[in-house]
2 protein chains.
Amino acid sequence: MTLPILLAISGSLRAASSNSAVVAAARALAPPGLEVVVYEGLGDLPHFNPDLDTETPPAPVAELRRLVGAADVLVISSPEYAHGIPGVMKNALDWLVASLEFPGKPVGLINASAGSVHAQAALEEVLRTMSAELVADACVTLPWTGAKPDLAQLVETPELSNLMSVALAALARRAAGTAGET
Amino acid sequence: MTLPILLAISGSLRAASSNSAVVAAARALAPPGLEVVVYEGLGDLPHFNPDLDTETPPAPVAELRRLVGAADVLVISSPEYAHGIPGVMKNALDWLVASLEFPGKPVGLINASAGSVHAQAALEEVLRTMSAELVADACVTLPWTGAKPDLAQLVETPELSNLMSVALAALARRAAGTAGET
């Protein structure tokens, strides 16, 4: 039996990123019955250029679309840069706008910083415009305002891990539903 | 005598981009006494990664910062993708956030499409957060709702060229002021 798949995307390329820690924690905290695939290709995508979006798009773009198509649900954890979505994160979404794989995809958003309100709101607007299905119970902001949490803190601090588990459970329910439908 | 410099940035990599046409039109319509430099390096920038932002940043980043530092004023014309700033445009701004060259820089925004309201608002929020000085008279939306305008239409349609000229005159005044101060 194939398990439903959650594709987890960090919006940061920084090695010590708290968003990448969220993605790693999602794998650690995911309920049984949900396979978590971590997207590693964000930095390999070319800059979006409509002229390159032909029948044979660049290989990293094709790979992103393949992973999105194979996933039942997505989760994104993105930092905020200057009150906006990081360019590199938006660039991945720009490549998905015109794709066949993205519309209707259920998406959760795990915000790693309570101080970042603009990027989360901007992501919700962009994702809605892209016809994603925002999974309300999986769009959460971790109540963390100090130095950015690392993987150990995310997994071991109950107020963080509990909130992540609630979000992941919502995605697992949605993924099970999607998997059942297809 | 060195003329004040306007650095003009298109937020699109598309060959037939109306935003790149705006940038070209800015050069054609600029008042005497303002040198227009068109930024050509957007697609050469690496994806922003704080770990790469060391004392010797990647060469395209150093070049962008040099051009921004040498400019008295900036003008940006950006498309809107999925109700957001294009990733490739935001990526350039992400590299300027922590730069010494950007804060306080006067910036105009020429929106090539009356239907694009989200990206213009998001750019204003991001640029304010980056401590840019938004030049109010140079933040305009061209009243154009049909097929995207090309260079000839921008220069030859009075309702477009007049609005661009007003914006460019405001930037020229601001550039002259800046040049005088330094």
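A: In β3(A), L74(A) is the residue that stands opposite L7(A). The model is predicted: local features need pLDDT of at least 70, side-chain atom pairs count only at pLDDT 80 or more, and totals for chains, interfaces and linings use all residues. Residues are numbered from 1 along each chain as its sequence is written, while chains are lettered from A and ligands numbered from 1 in the order in which they are written.

The strand in question is β3 (residues 73-77) of chain A; strands (E, at least two residues) and helices (H or I, at least four) are DSSP runs, numbered from the N terminus. Pairing of two strands requires that DSSP find at least two bridges between them. On one side, β3(A) pairs with β1(A) in the parallel sense over five bridges. Three bridges join β3(A) to β4 (residues 106-111) of chain A, and these two strands also run parallel.

β3(A) is mostly covered, as five of its five residues are buried. A residue is called buried if 20 or more other C-beta atoms, placed from the backbone, lie within 10 Å of its own, exposed if 12 or fewer do, and partly exposed in between. In a regular strand the side chains alternate between the two faces of the sheet. Here V73(A), V75(A) and S77(A) point one way from β3(A), L74(A) and I76(A) point the other way, and all are buried.

The strand belongs to an open sheet of five strands in chain A, ordered β2-β1-β3-β4-β5 with parallel pairing. Its edge strands are β2 (35-38) and β5 (133-141), each of which pairs on one side only. Direction ignored, neighbouring strands are turned by 20 degrees against each other on average. Helix α1 (residues 18-29) of chain A lies across β1 (5-10), β2, β3 and β4 of that chain and runs at about 165 degrees to β1(A). For such angles, axes are lines fitted to C-alpha atoms, for helices over the stretch in contact, and values run from 0 to 180 degrees between N-to-C directions. Contact means that the C-beta atoms of two residues, placed from the backbone, lie within 7 Å.

By that criterion, 28 residues of chain A are in contact with 28 residues of chain B. The elements giving two or more residues to this side of chain A are α3 (87-97) and α4 (118-129), and α3(A) gives the most, with seven residues. The residues on this side of chain A divide into 14 nonpolar, nine polar and five charged; Ala, Val, Leu, Ile, Met, Phe, Trp, Tyr, Cys and Pro count as nonpolar, Asp, Glu, Lys and Arg as charged, and the others, Gly among them, as polar.

Chain B also has an open sheet of five strands in the order β2-β1-β3-β4-β5, with parallel pairing. Its edges are β2 (35-38) and β5 (133-141), each with a single partner strand, so one side of each is left without a neighbour in the sheet. Four bridges join β1(B) to β2(B), which run parallel, and L6(B) has V36(B) as its bridge partner in β2(B). Helix α4 (residues 118-129) of chain B lies across β3, β4 and β5 of chain B, at about 170 degrees to β4(B).

Helix α2(B) shows a separation of faces. Its buried residues are V61(B), L64(B) and V68(B); seen down the helix axis, they fall within an arc of 60 degrees and therefore line one face. That arc is taken over the directions from the helix axis to the C-beta atoms. The cover over these buried residues includes β1 (5-10), β3 (73-77) and α3 (87-97) of chain B. The face turned away from the buried side carries the exposed residues A59(B), R66(B) and A70(B).

Two residues in the loop between β3 and α3 of chain B deserve mention for their backbone. Most residues other than glycine have a negative phi. A82(B), which lies in this loop, has a positive phi of about 55 degrees although it is not a glycine, and A82(B) is buried, with 21 other C-beta atoms within 10 Å. H83(B), placed in this loop as well, has a positive phi of about 60 degrees; with 18 C-beta neighbours inside 10 Å, H83(B) counts as partly exposed.
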